[in-house]
Structures are given as structure tokens and as C-alpha cells.
Amino acid sequence: MSHVESQSTIDKDAHGGVQVRTLDGTTGLGHVPERKIRIKLAIKSLGSREAWFGEYDYASLFIPNVPFLVKKRELPFYGVNDKLPYMLMTILGLQHALAMVGGLITPPLLLAGPAGANLGSEAQQYLVSASLIWCALGTTVQISRFRLLKTKYYLGTGLISVTGTSFAFTNVALAYLSQSYSNGTCPMSADGKTRLPCPDEFGAILGTATLTGIYAIALAFVPPKTIRKLFPPLITGTMLLFIGAALVQSGITNWAGGSGSCTTDHTIKCSGPNPQYWGSGSYLGLGFSSFIVIVLLEIFGSAFMKSSSVFMGLIVGFVIAAATGYFNGAVISSAPVGTFLWLSTWRLSIRGQLVLPMVASWTVMVCETIGNVTASSDVSHLEIAGETFMQRVQGGVLADAISATIAGLATVPPLTTFSQNAGVIALTRNASRSSGYVCAFILFLMGIFGKFGAVFVAAPPSTIGGFTTFLFGSVAVSGIRVLAYAKWTRRDRFIATASFALGLAALCNNPGLLGFFQAVVLIVEEPYLIAAVVGVFLNATLPNATSDERPEGEAEGTVWNEPATVLPPLQS
């Protein structure tokens with residue numbers, strides 16, 4: 001691959017050099033290597049106050065939104081290739097990182113924790129750090145945007161597209177691990193109440209995800225319009241809704257005290273510092289402290305606080321947990337200062353029963369990426385139609401597919417582009433890719449600093465559960481948002497009814513369904529999978545509505561990839 005999309009506005013001549021305008025207005029420097037010019041200008045600017053701070057109104061990022069007391073301020077807009085003052089670049093890069101780091105660390109915590117394969121605190125710490133490192137690399141690829149040789153295809157969006165670990169794959173993995181413990185594939189304790197470490201099946205999840213990722217890579221070369229036709233908003237919205245609804249269960253379980261033996265045996269206390277009974281008021285209060293802070297920051301917070309409200313809610317929960325004796329400081333003390341990829345490994349393998357659910361998860365990821373790239377393009381003041389836009393979408397899907405496929409080889413679960421960062425762009429009116437690179441660098445530093453990942457492992461499950469419940473609720477709401485783009489003809493209502501009927505039945509863990517579909521237990525157990533299977537089948541077989549049948553609701557005439565209305569420009 002070659003040709004990285006340039007961020008510079010310096011015009012290149014035909015010979016690969018640059019023409020630099022001198023003080024007298026001439027361009028007599030002739031052929032000067034572009035790289036030397038950039039390095040010299042960068043070094044020279046380090047001593048300039050203008051280069052560091054510029055004329056930006058920094059206070060507007062941090063002043064809380066207090067009604068009737070704070071004057072309204074409008075921030076300037078920075079385009080994709082605009083240069084930012086170094087201080088602003090750092091602040092906005094940190095803002096992008098904090099906006100999504102809470103969601104990024106949740107899947108590795110769940111998969112390696114008691115609710116997943118129970119790999120132990122050391123494996124949890126490593127998996128959190130490795131996910132941060134890999135997502136930093138995936139973010140860099142997305143922002144850079146490479147052309148594939150001399151073809152019409154690209155790798156990356158050329159926008160602030162920040163990647164994080166995928167919730168769709170997490171849902172499938174947790175269901176599979178639960179099934180593996182139930183059927184004896186993974187070991188249990190002698191009393192049958194506690195899950196023992198199951199590294200082989202965790203390796204099978206990574207291996208199967210890597211193999212089935214070929215499907216997503218192939219989809220990246222399919223025109224987005226074709227993908228939208230195969231998987232319209234009615235299907236993808238339903239899948240996202242049930243993914244979030246199913247994941248909320250794990251969030252609530254952690255909120256009440258965790259996934260240990262105390263979950264089923266309420267006569268024993270949960271493990272950890274200052275143990276309490278499962279569902280005790282102490283645990284519920286710890287989780288609520290994180291949840292309520294997120295709500296308050298959304299109401300009264302500044303632009304910086306709103307975009308990082310989930311992370312700040314988590315930090316407040318950590319502080320309260322530490323002050324009340326629920327924080328496991330020994331985990332942080334024993335954690336390594338530095339870490340990197342492949343310091344812990346698992347034997348990769350393939351499980352046939354995971355293939356179909358993984359394919360469905362890849363489909364969700366591709367559809368999500370199309371929507372997220374559209375939203376990011378819109379808030380970045382770029383076109384959301386035409387050839388250039390379609391190339392950005394194709395490049396984003398391909399970058400996500402390749403990064404997520406190779407992730408298994410890097411010992412981390414698949415990743416995808418996060419939607420939170422489009423909201424950050426809208427709030428701060430900054431679309432400059434330079435802040436995206438700073439975000440990737442901060443994620444990388446968080447990853448290689450082992451103590452950072454240990455902080456999340458040391459926290460009590462109830463604190464983690466409080467903020468993950470909010471995150472999983474937002475996943476379900478994103479599904480509802482996508483469903484709003486459906487036309488809701490009689491045909492659409494019929495497909496939705498059939499899909500929701502079986503999806504809700506699976507969500508309620510109906511034992512009759514499990515017996516009826518014994519051969520496809522995993523699909524039936526997962527509400528979004530059974531809903532997707534029914535929806536895709538009916539969407540492919542039912543005839544389209546007649547031309548004289550008008551859709552219901554206000555979604556008539558909307559295009560699926562039209563982004564939802566995001567927050568307006570910052571006014572504080």
C-alpha cells in the first residue's frame with residue numbers, strides 16, 4: 001500500500017519537493033525536500049506561544065453549564081486538515097480518549113473476569129492493556145487513510161475514527177462461555193458453583209473470530225448500497241437493540257456484587273475486600289455513584305465533562321470505593337509497570353458452533369461502521385454522498401475488518417469504530433485529525449503502562465456494573481435510533497413482529513425454545529441472533545410493499561446512512 005493522505009496544505013510540485021514563499025514574496029528556494037521543511041518548522045514552532053496556545057477560548061471547554069449564570073460562547077470550527085495549537089491538540093486528544101476508554105476496557109474485563117473465562121486478575125490486566133494498545137494502532141490506521149497501491153480502494157477513513165473493542169462479539173463470547181461451563185467443556189469447582197479458568201475456550205473465541213473475519217474483509221469490497229439492501233435498518237437496528245438488552249444483564253449482575261458463587265447462593269458473601277451479600281445496599285450504592293455522576297455531568301457539565309462523562313463517573317466511583325474499603329490495592333501493587341502485546345498468550349482454535357454467531361457479529365460491525373463514518377463525515381463538515389464519501393466508507397469498513405481480524409493474533413478481542421467520537425467532534429467543533437493522532441498516542445501510553453489497566457481490575461464489580469449498565473443501555477438505544485430509519489410499511493411491521501417475538505422469548509430464557517432448537521442452542525440463547533435469522537429470512541422472501549402503500553411515521557424518505565442529529569455546536 002502507498003500514498004498516505006496528507007494533512008499538510010503545502011502544495012507539492014511535480015518533482016516531489018515544495019515551493020516555499022520567502023519574506024520578499026518570491027519562491028526562490030527551488031527544490032527543497034518536504035520532510036526537512038516540516039521538521040524545521042515543527043522545531044521552530046516549539047518556542048512560539050502562538051503555536052502552543054493560539055487564540056482559542058480554552059475556558060469554554062471546562063466551564064460547567066449552569067442555566068442563567070453562564071454566557072453563551074460559540075467555538076471556532078477546525079476542519080479535518082487544519083492545524084491546531086499544541087495545547088488544544090493535547091486537550092482535545094485527551095477528550096477523545098476519555099470519551100471511549102470506558103467502553104474500550106469493558107469487554108476485556110468481562111471476558112477475562114468471573115462472568116467470562118475467569119482467567120484471573122493478571123490476565124484481566126494484560127487483556128485491558130493489550131486492547132488499549134491494539135485499539136491505538138487501529139485508530140492510527142483509520143485516521144491516516146492509505147490508498148491500496150494504485151487501485152480505487154482505501155484503508156482508513158481519513159477522519160477522527162477511534163476504534164474500541166466490540167460489544168457485539170462480547171455478547172457472543174459471554175454466551176458461548178456460559179454454555180461451555182454448563183455442558184462441562186469448561187471446568188467448575190467441586191461444589192459446582194464457581195467457574196474455574198477456561199483458557200482453551202477463550203483461545204477458541206479469538207481463533208474463530210480471526211477465521212470468520214475473512215467474511216468482513218470481503219464485505220469491505222461490496223458497495224455500501226448493496227450492504228444496506230441486504231441488511232436494512234430494520235435488521236441491524238433490531239440486532240443492536242437486542243445486543244444491548246442482553247448485555248444489560250451482565251451489567252446488573254456486576255452492579256449487585258459480581259458473578260461469583262454468591263450470585264446463586266445468597267447465604268454466602270461475595271469475594272473481595274469488605275465482602276457483602278449479593279444485592280446488598282452497599283454494592284448497589286457503589287454502582288449508583290457511578291451512574292448518577294454520568295447523569296449529572298450530562299445535565300450540568302462543560303463540553304469536556306459531557307464527552308468524558310462515562311469515564312469521570314467511573315473515576316468518582318473508584319474514589320468512593322477506595323474511601324470505603326472496597327478497592328483491592330494489592331492488585332495495583334503487584335501489577336507490572338510496563339506491558340505490551342503477546343506477554344500473555346492463549347492457544348488459538350476453531351469452534352464450529354461459534355462460526356454463525358461470529359458472522360452475525362461481523363455483519364453488525366460492518367453496518368455500525370457505515371453509520372459511524374457517515375456521522376463523523378457529517379459533523380466534520382464533509383460530504384455524505386458521492387464518490388469521495390463512498391471511498392471513506394469503504395476504507396473505514398476495510399480498516400475495521402482487517403484490524404479486528406488480526407486482533408485475535410494479537411491476543412485481543414475484535415475491535416470496531418466507536419460512535420462516541422462523532423459526538424465529541426460536534427461538541428468541540430473540532431474535526432482536525434491531529435487531535436485524533438494525539439488520542440491514539442494517549443491510548444497507547446495507557447496500554448503500555450501496566451498499572452493503568454490494573455486500576456480497573458482492582459475496582460469492585462459493583463462500581464464497574466454501574467457504568468457498564470449505562471453503556472449497554474446506550475447500545476440498545478443506538479439500535480432504536482437505527483430502527484427510526486425504517487419505513488414501517490406493513491411488510492416492515494410484520495418482519496419486526498416476528499423478529500421481536502422470538503428475540504424477546506430468547507431474552508426471557510424460555511426453556512421451551514432451548515428444547516425446540518436443540519441443534520442451534522447458541523443462536524436461540526442469544527436474542528439478537530434469533531431475531532436476525534428470522535428478520536433476514538423474511539426480508540429476503542417477503543415481497544416489497546406496493547407503491548400506493550405509504551410508510552408510517554416521519555421516517556419516510558430518509559436514507560439509512562443519514563446520521564442522527566447530533567448535539568449542536570457548543571454553547572455554554
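The buried residues of helix 18 pack against helix 4 (86–112), helix 5 (121–144), helix 12 (309–323), helix 13 (329–334), helix 17 (433–448) and helix 19 (461–483). Contact here means heavy atoms within 4.5 Å. Helices (H or I, at least four residues) and strands (E, at least two) are DSSP runs, numbered from the N terminus. The model is predicted, so local features need pLDDT of at least 70, side-chain atom pairs count only at pLDDT 80 or more, and totals for chains, interfaces and linings use all residues. Residues are numbered from 1 along each chain as its sequence is written, and side-chain values use heavy atoms, with hydrogens and water left out.

Helix 18 spans residues 450–458 and is mostly covered. Eight of its nine residues are buried. Buried means under 20% relative accessible area, exposed means over 50%, and partly exposed lies in between (1.4 Å probe, protein chains only). The buried residues of helix 18 are Gly450, Lys451, Phe452, Gly453, Ala454, Phe456, Val457 and Ala458. Phe452 and Phe456 also belong to an aromatic cluster, together with Phe318 and Phe327.

The chain as a whole contains 23 helices and seven strands. Of its 572 residues, 53% are buried.

Helix packing was described next. Two packed helices are described by the angle between their axes and the distance between the axes. Axes are lines fitted to C-alpha atoms, for helices over the stretch in contact, and angles run from 0 to 180 degrees between N-to-C directions. Helix 6 (residues 167–182) and helix 14 (residues 352–379) pack at about 160°, with their axes 9 Å apart. This angle makes helix 6 roughly antiparallel to helix 14. Angles under 35 degrees count as roughly parallel, over 145 as roughly antiparallel, 65 to 115 as roughly perpendicular and the rest as oblique. Helix 6 passes helix 14 in a right-handed crossing. A crossing is right-handed if the near helix is turned clockwise from the far one by less than a right angle, and left-handed if anticlockwise. On the side of helix 6, the contact is made by Ala168, Phe169, Val172 and Tyr176. Helix 14 contributes Gln353, Leu354, Pro357, Met358, Ser361, Trp362 and Val364.

Helix 6 also packs with helix 4. Their axes come within 10 Å and cross at roughly 10°. Helix 4 is therefore roughly parallel to helix 6. Gly103, Thr106, Pro107, Leu110 and Leu111 of helix 4 meet Phe167, Thr170, Ala173, Leu174 and Leu177 of helix 6.

A pair of aromatic rings is described by the distance of the centres and the angle of the planes. Rings of Phe, Tyr and Trp (its six-membered ring) pair if their centres lie within 6.5 Å; planes under 30 degrees apart count as stacked, over 60 as edge-to-face and the rest as tilted. The structure holds 16 such pairs. One of them joins Tyr56 and Tyr58. Tyr56 is buried, at 8% relative accessibility. Tyr58 is buried as well, at 18%.

Arg145 lies in the loop between helix 5 and strand 4 (146–147). The residue is buried, with a relative accessible area of 3%. The charged end of Arg145 sits over the ring of Tyr154, 3.9 Å from its centre. A charge sits over a ring if NZ of Lys or CZ of Arg is within 6 Å of the ring centre and within 35 degrees of the ring normal. Most residues other than glycine have a negative phi. Arg145 has a positive phi of about 65°, although it is not a glycine.

Asn274, also not a glycine, has a positive phi of about 50°. Asn274 lies in the loop between helix 9 (233–255) and helix 10 (281–300). With a relative accessible area of 34%, Asn274 is partly exposed. The loop between helix 9 and helix 10 holds Lys269 too. Lys269 is partly exposed, at 46%. Beyond residues up to four places away in sequence, Lys269 touches Cys262, Pro275, Gln276 and Tyr277.

Arg228 is found in helix 8 (residues 224–230). Arg228 is buried, with a relative accessible area of 13%. Its C-alpha atom is separated by 7.8 Å from that of Cys367, which is 139 residues apart along the chain.
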